[in-house]
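Hi,

Here is the structure I promised to pass on.

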Amino acid sequence: MAFALASRKASSSVVCAAAKKATKAPKVASKGIEFYGPDRVKWLGPYSAGSTPEYLTGEFPGDYGWDTSGLSADPATFQRYRELELIHARWALLGALGIVTPELLAKNGVSFGEPVWFKAGAQIFQEGGLNYLGNPSLIHAQSIIATLAFQVIVMGLAEGYRVNGGPAGEGLDPLYPGEAFDPLGLADDPDSFAELKVKEIKNGRLAMFSCFGFFVQAIVTGKGPIENLTEHLADPASQNAFSFATKFTPQ
């Protein structure tokens, strides 16, 4: 009888363990893996067969197999272009945010001397200088020379640290240094890190196009992007690109 009870208990334990194993949620692979390797998403989708150069293997984030000009055929040139693209993408992300944020805040009651991005810098030449976010207790810039010197020094130190390493870490990856540059630990999980790299370069490329659009828009309309958008939404028929198509027509 004791043997029967022991056998019944053992079989129950096996059944419970099997049930738990069956109901345990399977580990979901990172979506970032879809953007690497030979089977990654490519620029022509299902029609990309034969259009991807052999040297674009999907090793790096943002590689969709498109290089019709052969700019990445040389490995050293490819490495340099990757660095330039990523650094410009990060600056464009910050720039796009900095372009639209002051206008949005100004339209929602925050006081600015000049919220339009291409006019804001000129405030440093006026009497009293330029107050960051309209608040003199934050940054009160009065000298363009001092501002430029400060930017050169600070940016030079930051770039030197990024490229050569520094007190917080030696021999760091110049593009993804991590350590002190990753206080939130976003790169701790390799799969998540691989996916974040793809998201960064995709959003960065979009931001570069956005900044270029803001530049052209400023030249053509003489207004900020938020004001242009507001006018277009209010009257789409007359406030659009076609209404400015003849602005630079020779007379």
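A word on burial before anything else: I call a residue buried under 20% relative accessible area, exposed over 50%, and partly exposed in between, with a 1.4 Å probe and protein chains only. Glutamate 85, for instance, is partly exposed, with a relative accessible area of 27%.

Now the ground rules. This is a predicted model, numbered from 1 along each chain as its sequence is written, in which local features need pLDDT of at least 70 and side-chain atom pairs count only at pLDDT 80 or more, while totals for chains, interfaces and linings use all residues. Side-chain values use heavy atoms, with hydrogens and water left out.

On confidence, pLDDT is the predictor's own score for each residue, from 0 to 100. The mean for the protein is 81, and 81% of its residues reach 70 or more. Be careful with residues 1–29: the pLDDT there is below 50, and beyond near neighbours in sequence the stretch has zero contacts in the model. Contact here means heavy atoms within 4.5 Å.

**Overall picture**

The protein has six helices and four strands, in the order α-α-α-β-β-α-β-β-α-α from the N terminus. Those are DSSP runs numbered from the N terminus, with helices being H or I of at least four residues and strands E of at least two. Of the 251 residues, 26% count as buried. Taking contacts between residues at least 6 apart in sequence, 43% join residues at least 24 apart. The accessible surface comes to about 17600 Å², and 66% of that belongs to carbon and sulfur atoms; areas are from the Shrake-Rupley method with a 1.4 Å probe, and for residues only the protein chains shown count as cover.

Arginine 82 is the one I'd look at first. It lies in helix H2 and is buried, yet has no salt bridge; the nearest side chain of opposite charge, glutamate 85, is 6.8 Å away. For charges, Lys and Arg count as positive and Asp and Glu as negative, with His and the chain ends not counted. A salt bridge needs a side-chain nitrogen of Lys or Arg within 4 Å of a carboxyl oxygen of Asp or Glu. Leaving aside residues up to four places away in sequence, arginine 82 touches Phe60, Pro61, Leu175 and Tyr176.

So which residue does glutamate 85 bridge to? Its partner is arginine 205, with the closest N and O atoms 2.7 Å apart. Arginine 205 sits in helix H5 and glutamate 85 in helix H2, so this pair ties together parts that are 120 residues apart in sequence. Arginine 205 is partly exposed, at 23% relative accessible area.

Tryptophan 91 is also in helix H2 (residues 75–107), and counts as partly exposed at 49% relative accessibility.

**Other salt bridges**

The whole structure has six salt bridges. One of them joins glutamate 195 and lysine 199, at 3.5 Å between the closest N and O atoms; the two are four residues apart in helix H5, about one helical turn. Another brings together the side chains of glutamate 231 and lysine 223 (2.8 Å, N to O).

**Aromatic pairs**

Rings of Phe, Tyr and Trp (its six-membered ring) pair if their centres lie within 6.5 Å; planes under 30 degrees apart are stacked, over 60 edge-to-face, and the rest tilted. The search found six such pairs. Among them, phenylalanine 60 and phenylalanine 78 are edge-to-face, 5.5 Å centre to centre with 80 degrees between the planes. Phenylalanine 60 is in the loop between helix H1 (2–23) and H2 and phenylalanine 78 in helix H2, so the pair links parts 18 residues apart in sequence. Phenylalanine 78 is buried at 16% relative accessible area.

Tyrosine 176 and phenylalanine 193 have ring centres 5.8 Å apart and planes at 90 degrees, so that pair is edge-to-face. Tyrosine 176 lies in the loop between strand S4 (169–170) and helix H5 (190–221), and phenylalanine 193 in helix H5, 17 residues apart. Tyrosine 176 is buried, at 14%. Finally, ring pairs link Trp117, Phe118 and Phe215 into a cluster.

Cheers
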